[in-house]
Structures are given as C-alpha cells and as structure tokens.
Amino acid sequence: MKIKKYLSLFLILTLILTGLVGCGGDSQETGQAAQEGEQVENSETGIDSEQYLNGYLVAEPSTLDPSKGSDSYSNTVLNNVLEPLTRLEEDENLNNILAPAGAERWDVNEDGTVWTFYLRDNKWSDGEPVTAHDYEYGIKRSLDPNTGSPYAYLLTPIKNAAAVNSGELPVDELGVKALDDKTLEITLEYSTPYFVQLTYQRVMLPQRKDIVEKYGDTYGTEPDTIVYNGPFILTEWIHNSELKFTKNSNYWDAENVKFENVSMKIISDENAIYNSLSNRSIDTASVGSPEWIEKFSSEDSLRHIEIINPSTFYLFFNTKDDVFENANIRKAFSLAIDRQELSNVIFHGIHEPAYGWVPPSISLGEQEYRSVVEGPLKKLAEENPDPKALLIKGLEELGMDTNPENLTVKISLGGTDQWFRTYGEYLQQMYNRNLGVNIEIEQLEWPIFNSNIMKGEFQIGYMGWGAEYNDPASMLSLLKSDSTAIATGWANERYDELIDLAAAEMDDQKRLEYYREAENILLYEESVVAPSVYPKSNIFRYKYVHGLSATPFGTAGWKYGYTQGR
C-alpha cells in the first residue's frame, strides 16, 4: 500500500493504526477503578461486570463494502464485523498465529494448487446461515472488473484471476467454487506458499449476494445496508463523529466475546487524541509525539507497546535518468544517507534505521525474515566507507564532470507542508555534506507528484510503502519488471526469476535463499531504492484493557478483548 500524503506528518503512521492495536497482556493491575467507583469486578470471572471499550479512528471509513474499500479505517471495522476464512491472531509474545475462523479447517493437495476450506456453522446477523456460496460470491465480486476493487491484485494467485480482472474471461471462470454449503474450493494458477496469508484479507471476506444487489451503490454506506457475521454488529454510524458496535449474539464464537459495546470516535487531531487518552475518554492510543511518549511512559496506569510496522520509507531512483542510470551513483546516494541521524533529526529517534528493503515485521514461515537476513546496505557500507568515491567513479563511467560540486540533482517530494519543507532542507544539507553535490528540492501536491513519477519525470523521489500481507513477496514483488508499483524503470532478469521461483516454492528455506539473493541484487548490486527508516508505533493502553490485537497484520481485533479493574 502506498503511504501517500500522510507522510507529511511522520507520526500519522502511528495514528493510522486507529488506537485499537495493542497486545493481549495478562497484567492484573487495577488502576484506580475501585476508589473512583467506576466498576466492580465480576466475582465469578474476575473481569469487570460491565464490558465496553472506547477507542477512536483517525478518519471516517470510506465504505464498509469489502471489495471497494482501501483505507485502514474501514479495514479496522471489517475485521470486527465480518468473519474471514482465517484470522491472524497473536500469542503472549506478539507472535502471529494463523487460526481457523469462518473455516474450521482446510487442506491442500500435494502440489499446493487446490485449497479446500470446510466452513463451521455460523449465522449472519439477520439469522440466515453463512455458506460457502457467500465466500465464493465475495471473492468473485472483488475480482469482477465492474466492481473496481483496488486490492483485486492480491488475488492474482487464483486460477484465471488476472484474466477475469482484466475482463478477458468471465467471472465464472475464476478458480473459486462452493462445492456445497459448507465446502469452498479454491484452485490456484501455481503453488503459492503465502496464499493462506491472503485468506484473511478484505477481498476474500464473505458477502451476501441478495444484500449487495438490494442496496447497490449504497451497500456498506450505512449500518443497515450490510449484514454481519463477525464478533460485532455496527449499530450506529454518526458520520465524521462516532461508530457504535454491539456484540453479535449470532456469532459462532459469541461465548468468547466479552465486550458488549464498543465505541469508536472519529478524532483526527493528535493533541485531541492524546488528551482523550489522558482523561480516559478513550482506553488506548497510538502516540507519535516525543513529548507525549515521555509523558505517558511515566504513568503507571498505562502499558507501553512498541512495534515496528511492516513498512519502509525510502528514496527511489529513476534508472532511466542520465545520471541515475549508473549503479555506482545510485549506491553513493544510498550510502550517503546517515540513517541513524535521519531517524534522530527528522523522526525524533522514534523510527528504526533501515538497512534492508523488507521491514522487520515480515515473517517467512516460522521466523522473522529480518532476523535471519542481514540488511544488504550494511555490507555495502562496510565495503565502501567513502560514498563520494563511488559517486566520482560513477560520474567517470558516464563521461561526466567528476567534480561533485558541479552536479545538481533534483529530489521530488509528494507534499507541500512544513514537514516536507523541513525534510527537504535536511536532505540538501546531508547530501551536500556527504557527497558535495547540490540538491534542488521539488515539493508537489500528491496527485502531481504521483503523475510525474509514473511518467518518469523525476530523478529521485521519496515515498513509503506498507506490506499488504505477511510475506517478503509483499515487498520484493513490487520491484519486478512487470510491476508498476514503484516507477524506477529498472528491470533485472535474474531478480524477476528469483521472485517467480520463490512464489512457487513451498520449501521455506529455499524461498529464504531466493529472497536473500533478490534483495541483495536490489540494494547491494543495483541500489534501485534507498530505504531510510522503518516506522515504529508506540501504543499506550490502560492496564485494565486486555486481549486486543496488537501486531500490524493481526486481524483478531476486539474479539478477545476485555477489561479488568477499569
């Protein structure tokens, strides 16, 4: 997912997590609930007798249509009101665990191309049974070109998905079929080891055909224009103000859902969010201000959860440009970034320096990718302690003036506010100090910036990207030659081959080696992109709140949440 204009405030990536990401710790601290008379605990279970949660969203959800939405706010709601085939839950150490959800079990054939999901008994909020036909319809609707789903591309591993989405084949030719009311069969174009990571994405959520057809373009725009089969029901939607939810009594696992009510206020102003947490009108928040982080860290009633997001902020080079067609020049500009200094100066020391393209939050099989694959930029830096020497070498290879002081390079930024001005000034100083070059900063509104990038009218650009699913392919496939995601103009046959090999390889160790080599080509050999930092979230939550989803990929949401000692 492109991190677009909200890069203009470095802290927005923390706010965008909606204030309801967090961990399911087992702290028994009760705060001041008893003396304040807020609640008494249930004598049988030890949890509060009244179960409710107050949270927030930074902005209004665009739509609750699972096929059409693309913002994180609607995704937060959908995770809690609809039941995917699987859920990505978390253990006490915040490790993600794939758990059965709408499907109670599944199996796959020997070559990994046919997946069969066996649904459990569940009901929609209007009492109708949930069937495999609802999941089939939801997936097919997401790939139907008439729907215009922005995330349809995630489903390309499904047989005929690309042809269906482009209109070359009818939707009925898609490799998704309800064998009966309780059995869903999905056939893939090729074995795809990360396919199961797609089964909790919004584009695979179930949808009721009769409801979609009844409400048409208004489907998912109001609480009563959609039906629910997840842990909660949206009962009230005061647009641009608040969303209210109640527990879904028809949900198959209702006995394990503790919250009876959840309120999500729309709060866009960061200080309003922090003040709301401070006065306990909300129970949890993501905090991006160093001053507020320090303040909340000193409060014993709050739990602090620190998470590196599955995202990378980066500079990227136009490899068709007369200067940046040269790999040594690209390497010089990448190595000239003092990533720790940048984190300290621009991001107040909150974000993590990035020496690899794949962020630390991404896993491959049972292990975190970054924990076993060292960032290629570390090796590049060790071998080239003077980036200016690389720049001069590259200029010589191009037959250009080898005096860096005579080189002027333009960096394009997709924002015009003060943060981008500050960031641009820092880049000018940094590159002048470390390379001796002159930097011209071009600040553009996002639509113009994006248009220029796609047309190749730039030298260096700056963006962020967040992984869509928990696998290195989510990041590394963006730089394939047939991808339009990041418009560098770069193509490498071996890189393409490695990504394709990894996509069809079921052995995790072999996939790891393919990805290791591919990332090495991308950053160490070619330096097509220059990752700078991995954004980090600082979540503060009152210790009476337990069981909420914490990790960026986690989809358990509020299902296992409860309060004890409010």
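Reader: Which residues does Ala332 touch, not counting residues up to four places away in sequence?

Author: Contact here means heavy atoms within 4.5 Å, and on that criterion Ala332 touches Pro387, Leu390, Leu391 and Leu435. This is a predicted model, in which local features need pLDDT of at least 70 and side-chain atom pairs count only at pLDDT 80 or more, while totals for chains, interfaces and linings use all residues. Residues are numbered from 1 along each chain as its sequence is written, and side-chain values use heavy atoms, with hydrogens and water left out.

Reader: Where is Ala332 found, and is Ala332 buried or exposed?

Author: Helices (H or I, at least four residues) and strands (E, at least two) are DSSP runs numbered from the N terminus, and Ala332 is found in helix H9, residues 327-335. Buried means under 20% relative accessible area, exposed means over 50%, and partly exposed is in between, with a 1.4 Å probe and protein chains only. Ala332 counts as buried because its relative accessibility is 0%. The C-alpha atoms of Ala332 and Asn384 are separated by 8.8 Å, although these residues are 52 residues apart along the chain.

Reader: At what angle do helices H12 and H18 pack?

Author: Axes are lines fitted to C-alpha atoms, for helices over the stretch in contact, and angles run from 0 to 180 degrees between N-to-C directions. Helix H12 (residues 376-383) and helix H18 (residues 508-525) pack at about 40°, with their axes 9 Å apart. Angles under 35 degrees count as roughly parallel, over 145 as roughly antiparallel, 65 to 115 as roughly perpendicular and the rest as oblique, and H12 and H18 are therefore oblique to each other. On the H12 side the contact is made by Pro376, Leu377, Lys379, Leu380 and Glu383, and on the H18 side by Glu519, Asn520, Leu523 and Tyr524.

Reader: How is a pair of aromatic rings described?

Author: A pair of aromatic rings is described by the distance of the centres and the angle of the planes. Rings of Phe, Tyr and Trp (its six-membered ring) pair if their centres lie within 6.5 Å, and planes under 30 degrees apart count as stacked, over 60 as edge-to-face and the rest as tilted. The structure holds 28 aromatic pairs. One of them is formed by Tyr274 and Phe296, which are edge-to-face at 6.5 Å centre to centre with 75° between the planes. This pair links distant parts of the chain, with Tyr274 in helix H7 (residues 270-278) and Phe296 in helix H8 (residues 290-297), 22 residues apart. Tyr274 counts as buried at 0% relative accessibility, and Phe296 is buried with a relative accessible area of 1%.

Author: A tilted pair is formed by Phe313 and Phe347, at 5.8 Å centre to centre and 50° between the planes. Phe313 lies in strand S14 (residues 311-317) and Phe347 in the loop between helix H10 (339-346) and strand S15 (352-353), so the pair ties together parts that are 34 residues apart in sequence. Phe313, Phe347, Trp419, Phe420, Tyr423 and Tyr462 form one aromatic cluster.

Reader: What is the phi of Asn160, and what is the phi of Arg280?

Author: Phi of Asn160 is near 70°, a positive value in a residue other than glycine, and Arg280, also not a glycine, has a positive phi of about 70°. Asn160 lies in the loop between helix H4 (132-143) and helix H5 (161-165), and is buried with a relative accessible area of 17%. Arg280 is placed in the loop between H7 and strand S12 (284-287), and is partly exposed with a relative accessible area of 21%.
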